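Open the model in your viewer and keep the selection tool at hand. We will go from stop to stop.

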Amino acid sequence: MPTILGQNQYGKAENRVVKITRDGDTHHIKDLNVSVALSGDLEDVHLSGSNAHCLPTDTTKNTVYAFAKEHGIESAEQFGIHLARHFVTSQEPIRRARIRIEEYAWERIETSEAAAQFIGADEVKHSFVRKGQETRLTQITYDGEKWQVISGLKDLVVMNSTNSEFWGYIKDKYTTLKEAYDRILATEVSGRWRFNWTDDDQRMPNWERSYAQVKKHLMHAFAETYSLSLQQTLYQMGSRIINNRAEIDEVRFSLPNKHHFLVDLEPFGLKNDTAEGAVYYAADRPYGLIEATVLRDGVEAEIPTDLTNL
């Protein structure tokens, strides 16, 4: 049977680039993991093996490092925009570029006064420790005319030790779960949000401020919602972002319910759940998985429902 070539793309994945900016004695770090995927007029390289339209993946890797030096890294989004524009506008066969970036955050190590005196400096400004809260993400797609910027985060673990219930659900012969009127609610947030900036004529968002504000709003919503279900909390998180950030039209969350179960201590003559507190078993699997998209009214969804590879 005859065959045809379907969607295809190529590039260099997971280019780790660490940019140190020196402002006198004060240093700054941007630590990125950059993946490049290019598509366009690439039929010949698949059908006949001709590389005439193929920019080597090694070149895309080199471009990432060269751009980090030439242009700096103002933000993950801005760096991805520079790269996507370059690949589409500099190579005629390349019609579309997708740049995916993970950013790993660092914070300064605050040294003791004695240590600072020991090395002969008033303040150490070049020592850092990796932040462990979350990994920042962005995906930039450009076809020569329109942009799509989807940013987000993963691995942000949050917990409410009270103000969460779960009851009134469907029960059948397989239901053993007891209704809960005061429970721990914990999850590991994986979220993506889509910007409504799509062309160069629009005012570009302040990417760094936007990220900080989105994270703040989703965490405040998690903390301030008296939760009757994780679904309700998810919707409040997404709504808080949409209502407070005009540059964002769509948010999607994938929230595993990190279950905490009371340990049975009666065999040891101990009452567990008391006014002073309780001991729980944190189960890592199986877990409930709650996923949903929250949209600005009148907007079509574009973020994929499966966030595994986004």
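Start by selecting Leu228, which counts as partly exposed because its relative accessibility is 43%. (Buried means under 20% relative accessible area, exposed over 50%, partly exposed in between, with a 1.4 Å probe and protein chains only.) Leu228 sits in the loop between α5 (207-224) and α6. Helices (H or I, at least four residues) and strands (E, at least two) are DSSP runs, numbered from the N terminus.

A note before moving on: this is a predicted model, where local features need pLDDT of at least 70, side-chain atom pairs count only at pLDDT 80 or more, and totals for chains, interfaces and linings use all residues. Residues are numbered from 1 along each chain as its sequence is written, and side-chain values use heavy atoms, with hydrogens and water left out.

**Next: the annotated residues**

Now zoom in on Arg183. It lies in the loop between β7 (147-160) and β8 (185-195). At 17% relative accessibility, Arg183 counts as buried. Beyond its neighbours within four places in sequence, Arg183 has contacts (heavy atoms within 4.5 Å) that include Phe166, Leu230 and Asn257.

Move to Gln231, in helix α6 (residues 230-244). Gln231 counts as partly exposed, at 43% relative accessibility.

**Next: a lysine in a loop**

Select Lys178, also in the loop between β7 and β8. Lys178 counts as exposed, at 72% relative accessibility.

Side chains of opposite charge can pair when their charged atoms come close. A salt bridge here is a side-chain nitrogen of Lys or Arg within 4 Å of a carboxyl oxygen of Asp or Glu. How many salt bridges does the structure hold? It holds 20.

Pick Lys30 and Glu103, whose side chains meet in one of them (3.0 Å, N to O). Lys30 is in strand β2 (residues 26-40) and Glu103 in strand β3 (residues 94-104), so the pair ties together parts 73 residues apart in sequence. Both residues are buried.

Finish with Arg85 and Asp200, another salt bridge (2.9 Å, N to O). Arg85 is in helix α3 (residues 76-90), and Asp200 is in the loop between β8 and α5.
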